[in-house]
Amino acid sequence: MRNFLAIFERELKSYFLSPVAYVVLGFFLVATGLFYYNIINWFDRISMQSMMMAQQYRQLPQPINVNMMAIRPLFHNIAIIGLFLVPGITMRLFAEEKRQGTMELLATSPLSNWQITLGKFTAALVFYLVMLLATGVFVGLLFFFGNPEVMPILTGYLGLLLVGGCFISLGLLFSAFTENQIIAFVGAFAVNLAILSLGWLANFVGPNLAAFFSSLSPIEHFDDFAKGIVDTKHLVYYISFMFGGIFLTYVTVESSRWRGAR
Amino acid sequence: MKKYSSYAGTLGLLFIAAGLLIQYVRSVWQWQEIVPLAVGGALLVYYLVFNFKSVLDFISSRGALQTANAFVMCVLVLGLLGFANYLAGKHTWRKDTTAAKQFSLSEQTKKVLGALKEELRITAFYQAQEQDRVADQFKEYASVTSKFKYEFIDPDKKPDLARRYGVTAYNTTVVSYRNQDEKITTATEADLTNAIIKVTRDKKKKIYFTTNHGEKAIDSDERLGMSAAQKSIKEKNYEVGTVSLIDTAGVPEDCSVLVIAGAQTEFLPPELEKLKKYLEKGGAAMFMLDAGLMTKSPLPSFKDILSEYGIEPNDDMILDFSGIGQLFGAGPDMPVVANYSQHAITEKFGNFMTAYPSARSLTIMGDKPSGVTAEAFASTSGNSWGESNPDELRSGRVQPNFPPDRRGPLALGVAATKNATADGANGSNNSRLVVFGDSDFAANYLFGFQKNGDLFMNAISWLAEEEDLIAIPPKNPEDRRISLTASGSKMIMVVSLFLLPLAAFGTAIAVYVKRR
């Protein structure tokens, strides 16, 4: 445990002491902020129109729900933006160590490869959580202008954390493959995108295959969380996805000992 | 030669992969497939010949063993994870945290879905941009049982499929089970679940038409026949039969709805007895009574039965001077109905028209017997009256004389229920009646006119289904808006577009400067 904490702290510190992480955070906020601003303006217009329609036709206004119509699509956008930017926070985790030659120090240290892998993963997850919390400001602002439901927001963030965890575990794996950060970034990004497109592919195949394909895509599992639904099958999916990624990373790191690679 | 052999291995594998891909795409074996495979094979052999020793060394090395070990372990772990997900998909725990429980299905729906024995297939014809709206609903159904399979089809992109299912309108959902189809045009939980109940029913409900009294013939393709109505009834998954109450011991046991489609002669007392008995036991019947003034068949015998339901058929003929009928080239003797009351039969009708040539009016009695409800669902406009003088009608010079003529609006279609003495064939504890002042509206030549056919079918469904159908109140999300003032809007813009991103970039610069 102490070993795990040591590597976790070291990685977390290097995040917050490096300008690169803040640049990633900045771009993340630029992208989410743009989507947020557009969605809220659109939603405001729709609310206004429905109110006017109701008055014109003397009817009760149609229920308009900020959680379903604004926050849910915002969460989807945040998840997709995460897909693009998470490789940016994972690319250096192993690649940097290999390039600087510190990987050998780690390998000869009393730390086990499990502790190293888990410590790096958790540090990246915590940094991703900080990114998510920053977007919490956007959602929190809405409480000044209305009363959104709290529970679906919480489940939405839980879902975002889990989706991000999947992206991080894949990014970690690609970082362990190479000493070149750019290759780690591009590889993780491409695989993320490929897995995402499995969900799109589901639209073009029959109903049986569609269910299978969409059950593979992290984004498809995310929709229920964004709606405000917690389902054990999604939890199991995310946890096993992350475990799979971490396990493959562990095997990759372990194998470098006998492969003789750096 | 040896110098290039290390590239030959990679190149050979590439050629083989390319050959297999081409074969997969073209699905034939011709030179385009065979040549790359042969070249790839040759390159591999070339590589092996010159590198045989190093390959052998690698296979027998410790590294190879460990690689194989690691590979097997990865496959095992990933397989286990896949299996865990398979199990988790079978047994789920699901919690809807929204305040309105808007994604929770009712207990009735879950029960219906739990009873499915075979795959239930939903084919939803929605345009691409409309699909998301109902996908949430379908997902909830699919999460209850794996036997619920749904598929969206854009009718604009696949018109052939739409034609095969006989779908003509957007937002039509076809529910298929075994070999039965049921179409619905709204995908609310109530409609969807009721459609599932209908297609999964083991035995089809049977609609009987009486014969031997000059009723309209259900097999006849003639202008006044009812073959079009019969076809519609069968499409709705009912069976159709005829019954003569003279020959049989009574109304058949499996009769869900008995239709008397425009009888021209009196029912005999024993027939009326059987009819009464059927209704008392909770039966459902549709009376289509034409105006009898001209043909001298006012059919007084039905009046007794109908009066028990608080309905009085009048001996008159409705004349409609609202002018709507003239738009279709019809005279005043074809009243047109464009206003419907809020009844299950006419619920979704809006302002569509239905037309009834030479119809009689119906009156709902002021003092109905106890346990009886009667409601007019279709009435004529105020510019109509019920002419009761046959001489005026014959001469063609009609004048409203109130009374005995009746002022519009006049009821043309009435639905009634009455507490029954015993549980009927449909398992209900009340008998149901629909009375029309006309039978021609459902004849072949008018069945396709505006909404005539739909009205007839809705009345049949109401009579046959009422007690099976379940009511599920629609679940809407709670109304939660935000109201942005001008300054609020500016605040959102400043925070989301400038403040937060700039703070992050500012920190980045500060950290960078400090580290330098």
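How far apart are the end C-alpha atoms of helix α7 of chain A, and which span should its 28 residues have at 1.5 Å a residue? The ends are 41 Å apart, which agrees with the 40 Å that residues 150-177 should span. Keep in mind that this is a predicted model, where local features need pLDDT of at least 70, side-chain atom pairs count only at pLDDT 80 or more, and totals for chains, interfaces and linings use all residues. Residues are numbered from 1 along each chain as its sequence is written, and side-chain values use heavy atoms, with hydrogens and water left out.

**Helix α7 of chain A**
- Helices here are DSSP runs of H or I with at least four residues, numbered from the N terminus, and the expected span is 1.5 Å times one less than the number of residues.
- Because 22 of its 28 residues are buried, α7(A) is largely enclosed by the rest of the structure; buried means under 20% relative accessible area (1.4 Å probe, protein chains only).

**Nonpolar cores**
- A nonpolar core is a set of buried Ala, Val, Leu, Ile, Met, Phe, Trp, Tyr and Cys residues joined through side-chain atoms within 4.5 Å.
- The largest one has 79 residues, and A:Phe75, A:Leu160, A:Phe222 and A:Tyr238 have the most contacts inside it.
- Helix α6 of chain A (residues 113-145) supplies the largest share of this core, 15 residues.
- Another core, of 39 residues, lies apart from it and includes B:Met457 and B:Leu463.

**Cysteines**
- Over all chains there are zero disulfides (pairs of cysteine sulfur atoms within 2.5 Å).
- For B:Cys74, the nearest cysteine sulfur is that of A:Cys166, 18 Å away.
- B:Cys74 counts as buried at 12% relative accessibility, as does B:Cys255 at 1%.

Technical notes
Chains lettered and ligands numbered in written order. Helix = DSSP H or I, 4+ residues; strand = E, 2+ residues; numbered from the N terminus. Buried < 20%, exposed > 50% of the residue type's maximum accessible area, 1.4 Å probe, protein only.
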